[in-house]
Amino acid sequence: MIILVLNSGSSSVKYKIFDIETHHVLAHGLVEKIGDDKGSITHIKVREDGSRLKIKKNEWYDHKKAIKKIVELLIDPESGVIKNKRDIIAVGHRIVHGGEHYNSPALVDENVLDALRKNIPLAPLHNPHNIKGIEVSSTIFPHAYQAVVFDTAFHQSIPKKTFLYGIPYELYEKNGIRSYGFHGTSHSYVAQKAARYLRKPFEKLSLITIHLGNGASIDAVKNGKCIDTSMGMTPLAGLLMGTRCGDIDPAVIFYLSRHLGMSLNRIENMLNQESGLKGICGTNDMRDVLERREAGDSMAGLSFDMYTYRVKKYIGAYYAALGGVDAIVFTAGIGENSYQVRESSCKGLEALGIMIDCKKNKLDKKGVRKISPENGRVEVLVVPTDEELMIAMETRKLVDNACTR
Ligand code: ADP
């Protein structure tokens, strides 16, 4: 069964096409700078022998043109991997915000689209573009199932005492103001992979999963269910990130407005796009931070220390929330690749039984691996995430269920 996964953002569309029986990626790519004259598409075909064919084209795209171009490349005799767009049985869409309506993936119908539209005020930067992706995809693939997989779904098990903010309760009841959490597909995927690696039932483990990419978040998972997460009503809360500030005293916003005369839009943009690592040392790319820190750049060193201190603080908090932990899981671009970030984030947690074996941590290995010592009380793992594969697997389950009904 061929499944296409689409991640439609404001200025980009990412895609991956799978043969879901074998979990093989047939092709993947990215359309960037949508709506800009400098738009481009990068398409990578994965040949049967594992070699890759890369194609890059520069052009102006809107979402419709982008998805049409993806189809063109997927069926082209040279760059293509399928004969006809009808070979695509289902399209799985990554949806950032499912609000309180969804704790599991769903096949798209008018009710689902209505619920997504209702959630736009909660995720104005993401949901409108996700919806656009579904609308365009439904016209381009009218024969295919359309499925939605929510970034918020895994967090719907978080109890009320944890997800509520300490503000007037009616703001939750009337306006849905609460913490929702994001990156749920990734946390759920790596948590289950970790359980399989440890050969223990997922339902009997206490895990802390740490997703460190451009965005970053951390989850406490107990007995197969998420019980706390660091992001909030939006992805701005929690850990320090590439360009987002993470946790901040809300009164800073009043100060910026009253005393510096900044508009709300300007503050929102600053906290989302110009803060985090970038705000401290000028770059949001951890590879640059590490290189400059190594060369003795003190601001890069400071941003690194702030970043890893915040991760450590959350590990301690979630250790308490879980009442002990069986395994800690690092994932995503930084979590999978930076031994420095992993080491520094766990340093000083020995009293909790959390230790890292420096040699294992530095090995440049791929796949799931253990970086804690053999006799460690808490297993520390690196588990590569694959949100698109998870979306494709969830989409397949929905299609199978629909076919057997
Ligand atoms: P996204 O949230 O866009 O999916 P990724 O998971 O790809 O982000 O993570 C991007 C981050 O990973 C960037 O900060 C990048 O610098 C960092 N990263 C990628 N490779 C490495 C590496 N080898 N060492 C350190 N950081 C890395």
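**View 1. Glu 374 and Lys 370 meet in a salt bridge in this predicted model.** The side chains come together at 3.7 Å, N to O. The cut-offs are under 20% for buried and over 50% for exposed. The pair belongs to a network of salt bridges that links Lys 360, Lys 370, Glu 374 and Glu 379.

**View 2. Arg 117 and Glu 135 form a salt bridge between two helices.** Their closest N and O atoms lie 3.3 Å apart. The pair links distant parts of the chain. Arg 117 belongs to helix α2 (residues 110-118), and Glu 135 to helix α3 (residues 127-140). The two residues are 18 residues apart. Arg 117 has a relative accessible area of 34%, so this residue counts as partly exposed. Glu 135 is also partly exposed, at 36% relative accessibility. The count for the model comes to 19 salt bridges.

**View 3. Asp 285 pairs with Arg 287 in a salt bridge.** Here the closest N and O atoms are 3.2 Å apart. Asp 285 is partly exposed, with a relative accessibility of 25%. Arg 287 reaches 62% and therefore counts as exposed.

**View 4. Lysines and an arginine form a positive surface patch.** Its members are Lys 64, Lys 68, Lys 85, Arg 86 and Lys 132. Lys 85 lies in the loop between α1 (63-75) and β6 (88-95). At 30% relative accessibility, Lys 85 is classed as partly exposed.

**View 5. Eight strands build an open sheet with mixed pairing.** The strand order is β5-β4-β3-β2-β1-β6-β8-β7. At the edges are β5 (52-58) and β7 (106-107), each of which pairs on one side only. Strands in a sheet pair through backbone hydrogen bonds, in a parallel or antiparallel sense. Strand β4 (residues 40-46) runs antiparallel to β5, and seven bridges join the two. In one of these contacts, Arg 52 of β5 is the bridge partner of Val 46.

**View 6. Helix α13 and the glycine that follows.** The helix covers residues 339-346. Its buried residues are Gln 340, Val 341, Arg 342, Ser 345 and Cys 346. Just after α13 comes Gly 348, with a positive phi of about 90 degrees.

Notes:
Residues are numbered from 1 along each chain as its sequence is written. This is a predicted model: local features need pLDDT of at least 70, side-chain atom pairs count only at pLDDT 80 or more; totals for chains, interfaces and linings use all residues. Side-chain values use heavy atoms; hydrogens and water are left out. Patches are made of residues with over 30% relative accessible area and no salt bridge: like charges are joined within 9 Å, nonpolar side chains (Val, Leu, Ile, Met, Phe, Trp, Tyr) within 5 Å. Accessible areas come from the Shrake-Rupley method with a 1.4 Å probe; for residues, only the protein chains shown count as cover. A salt bridge is a side-chain nitrogen of Lys or Arg within 4 Å of a carboxyl oxygen of Asp or Glu. Lys and Arg count as positive and Asp and Glu as negative; His and the chain ends are not counted. The place of a charge is taken as NZ of Lys, CZ of Arg, CG of Asp or CD of Glu. Helices (H or I, at least four residues) and strands (E, at least two) are DSSP runs, numbered from the N terminus. Buried means under 20% relative accessible area, exposed over 50%, partly exposed in between (1.4 Å probe, protein chains only). Two strands pair if DSSP finds at least two bridges between them.
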